[in-house]
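Hello,

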Amino acid sequence: MESVDLIYKTIYILVIFGITLLIATYSTYAERKVAAFIQDRIGPNRAGPFGLLQPLADAGKMFFKEEFIPAKSNKALFILGPGVAMLIACMSSAVIPFGDMLIIGGREVYLQAIEVNIGLLYVFGVVSLGVYGVMIGGWASNNKFSLLGAIRAASQNISYELAMGLSIIAILMMTGSLSLREIAAQQAGFNWNIWYQPLGFIIFLVCAFAETNRTPFDLPECEAELVGGYHTEYSSMKLGLFLFAEYINIFVASAVMATLYFGAYNFPFMHELGALISDDPVIANNVITILGVVVMFAKIFFFIFFFMWVRWTLPRFRFDQLMKLGWQILIPLAILNIILTGGGILLKDHFFN
Amino acid sequence: MTDSLFFFLASLTLLCALMVVISKNPVHSVLFLILTFFTISGHYILLNAQFLAAVNIIVYAGAIMVLFLFVIMFLNQSQERVRTATISKFAGVTAGGLLFIVLVAALRDASVQTYDPETFDSQIGMVENLGKVLFGDYLLPFELASVLFLVAMVGAVMLGKKEEGEKHF
Amino acid sequence: MEPLTNRSKKLAKKEMTFAEKAYLPAIAQGLGITLKHFFKKKSTIQYPEETRQRSDVWRGLHVLKRDEEGRERCTACGLCAVACPAEAITMVAGERKVGEEHLYREEKYAVTYEVNMLRCIFCGMCEEACPKAAIFLQDDKIAPARYERDEFIYGKDRLVEPLKTTETK
């Protein structure tokens with residue numbers, strides 16, 4: 001790899017990392033605003049204009065709170081837990097294609113941190129590791145409520161990972177590639193996967209809610225039965241890291257949904273628009289790419305909003321309902337979806353080739 | 001570069017694997033086992049077998065070890081440690097040592113097959129090639145394994161099903 | 001058991017339709033309702049900057065009035081204390097000395113006059129009982145929250161209307 005490429009990659013990774021953290025920070029603000037608006041309130045508006053400095057104030061509060069470690073807890077693991085949660089949450093945005101390629105000085109620059117040909121599996125693997133932070137933290141607290149929260153998180157994540165994997169397989173059968181860049185490129189224009197995979201999308205959406213521990217699947221931290229769930233004993237910024245990791249997970253889940261089903265950076269009539277803007281293919285390409293990045297983030301923000309919208313609408317499941325939904329409804333539906341997709345592909349090959 | 005990375009990873013793997021055995025706390029053992037899987041995945045990536053690395057993480061670190069941890073967290077750890085008898089310690093050391101000797105003896109004369117730079121294909125570990133091999137040359141064993149999994153699944157469902165008239169709560 | 005009235009609703013356990021079983025239409029309906037509220041007018045009042053519109057007959061914090069020449073009107077007759085249903089008012093009467101005519105209107109005046117704001121129910125009976133029109137409940141002030149219970153006993157220092165230092169008539 002050339003040194004120029006290396007510098008570009010470093011900058012890009014830092015930028016993506018920064019954007020991820022920034023979006024997660026402001027997700028906490030957005031969450032409070034959305035909750036307030038849905039409940040006919042106004043929400044935070046005192047810190048800065050429109051309360052925009054509220055996340056900073058929250059972080060300041062978190063840092064200055066007492067760092068509490070329970071007496072009989074497993075100290076090392078207690079500290080490791082939130083760190084692992086945060087680390088794993090930050091890992092997955094590396095393979096997401098936030099845009100197509102820019103042409104800068106004759107050099108093709110792809111707006112993706114690393115291109116691996118198993119990008120989707122990478123995301124899936126990282127997501128499946130996400131539960132360790134919660135489990136380690138919950139167990140190390142030496143508190144029965146925390147332990148129950150951790151156990152619930154583990155069983156819930158494993159159950160919904162299966163349905164999620166099966167719904168992804170239908171996508172893979174259509175695209176024939178595990179690379180997220182490839183999947184995004186195939187959905188050029190308005191040829192989005194959602195038109196072919198509505199059932200798969202709904203299954204994926206439900207599983208994404210369960211994997212990120214969001215309402216209606218937030219049983220690991222359900223206040224009514226488990227005090228605070230896995231983070232009962234946590235205080236200060238260690239609690240902050242757990243909460244922050246949740247918002248990063250939401251951001252990544254939204255980005256993956258936008259990439260897999262809603263055409264990533266593609267938008268309708270993008271090529272016609274490119275031809276309209278300029279005759280110079282380089283300028284046209286760059287303008288379209290930048291517009292594409294904007295479109296991609298618009299889609300991501302919509303999904304983040306959707307996560308919050310659902311949170312303030314639906315009540316929580318009971319644990320047996322959650323398990324029943326996962327194993328008896330979503331997995332059979334996902335298998336049905338695979339069979340339907342396979343049949344569809346065979347029919348298309350038979351009649352249109 | 002790759003050489004030093006390999007030695008670093010290999011020593012890390014051995015260290016983690018050793019810690020699995022040495023750790024007194026079973027939860028620590030499981031966490032070290034997870035680290036071991038990570039380092040093994042690192043070896044796969046060094047061999048350019050990305051698919052295998054990812055699947056190793058998803059299946060072992062992401063699912064099976066979570067279940068291990070799940071069970072071990074339920075154990076009551078406040079009980080004092082079980083004292084092992086001296087004779088069982090001796091038996092353990094003897095058995096382990098014998099196994100080690102056998103392994104050394106077996107591997108001493110084994111020769112590692114070197115690759116031919118002319119015909120070497122660095123893309124052999126990629127998903128496409130792996131799929132072609134699995135669904136071409138090894139179709140029958142692959143399908144047989146899937147039947148085996150199906151049988152295991154049906155058995156698990158049978159075991160987990162409630163008996164007629166049985167009340168669990 | 002016989003029903004007490006004939007208005008009780010029969011509980012009908014009918015089979016759910018497919019749409020009800022799938023839950024998705026109901027979820028969409030719920031999301032629609034919350035989205036409607038998202039764009040509704042907000043009912044928050046930005047408190048320190050804007051206050052809620054009070055009724056014209058709102059009864060707030062007490063005030064002991066002075067007359068046109070700035071003399072205290074209260075003559076410590078004790079009718080307010082008698083009228084008070086919550087027994088929140090206590091007072092000690094005293095005789096006016098020579099040379100204090102500019103301070104107190106009548107010959108008898110209240111040396112101490114205390115209202116316990118923790119007991120007071122802001123009913124306005126004292127206002128109605130007062131023959132000298134000395135005590136009133138203001139319509140623009142409320143008794144604020146405080147840290148100590150002692151601070152809720154309002155003495156004359158906080159109840160008597162402040163003197164108008166400059167004549168503006």
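My notes on it follow.

This is a predicted model: local features need pLDDT of at least 70, side-chain atom pairs count only at pLDDT 80 or more, and totals for chains, interfaces and linings use all residues. Residues are numbered from 1 along each chain as its sequence is written, and chains are lettered from A and ligands numbered from 1 in the order in which they are written.

Confidence

The predictor gives the complex an ipTM of 0.81 and a pTM of 0.82. Chain C has an average pLDDT of 85 (the predictor's confidence in each residue, from 0 to 100). In chain C, 96% of the residues score at least 70. Helices (H or I, at least four residues) and strands (E, at least two) are DSSP runs, numbered from the N terminus.

Chain A

Chain A holds 13 helices and 2 strands. Its C-alpha trace spans about 65 × 45 × 45 Å along the principal axes. Of its 353 residues, 46% are buried (20 or more other C-beta atoms within 10 Å of the residue's own, C-beta atoms being placed from the backbone).

The largest nonpolar core has 113 residues. Such a core is a set of buried Ala, Val, Leu, Ile, Met, Phe, Trp, Tyr and Cys residues joined through C-beta atoms within 7 Å. Met135(A), Cys207(A), Phe251(A) and Met257(A) have the most contacts inside it. Helix α10 (residues 236–261) of chain A gives the most to this core, 16 residues.

Leaving aside neighbours within four places in sequence, Phe251(A) is in contact with Thr20(A), Ile23(A), Ala24(A), Ser27(A), Ile300(A) and Ile304(A). Contact means C-beta atoms, placed from the backbone, within 7 Å.

Chain B against chain A

This contact takes 19 residues from chain A and 15 residues from chain B. Helix α3 (residues 50–74) of chain B supplies the largest share of the chain B side, 12 residues.

Chain C

An open sheet of 3 strands runs in the order β2-β3-β5 (chain C), with antiparallel pairing. Pairing needs at least two DSSP bridges between two strands. The edge strands, β2 (89–95) and β5 (153–154) of chain C, each pair on one side only. Strand β3 (residues 108–116) of chain C is joined to β5(C) by 2 bridges. Asn116(C) stands opposite Ile153(C) in β5(C).

Best wishes

Technical notes. Contact = placed C-beta atoms within 7 Å. Buried ≥ 20, exposed ≤ 12 C-beta atoms within 10 Å, placed from the backbone.
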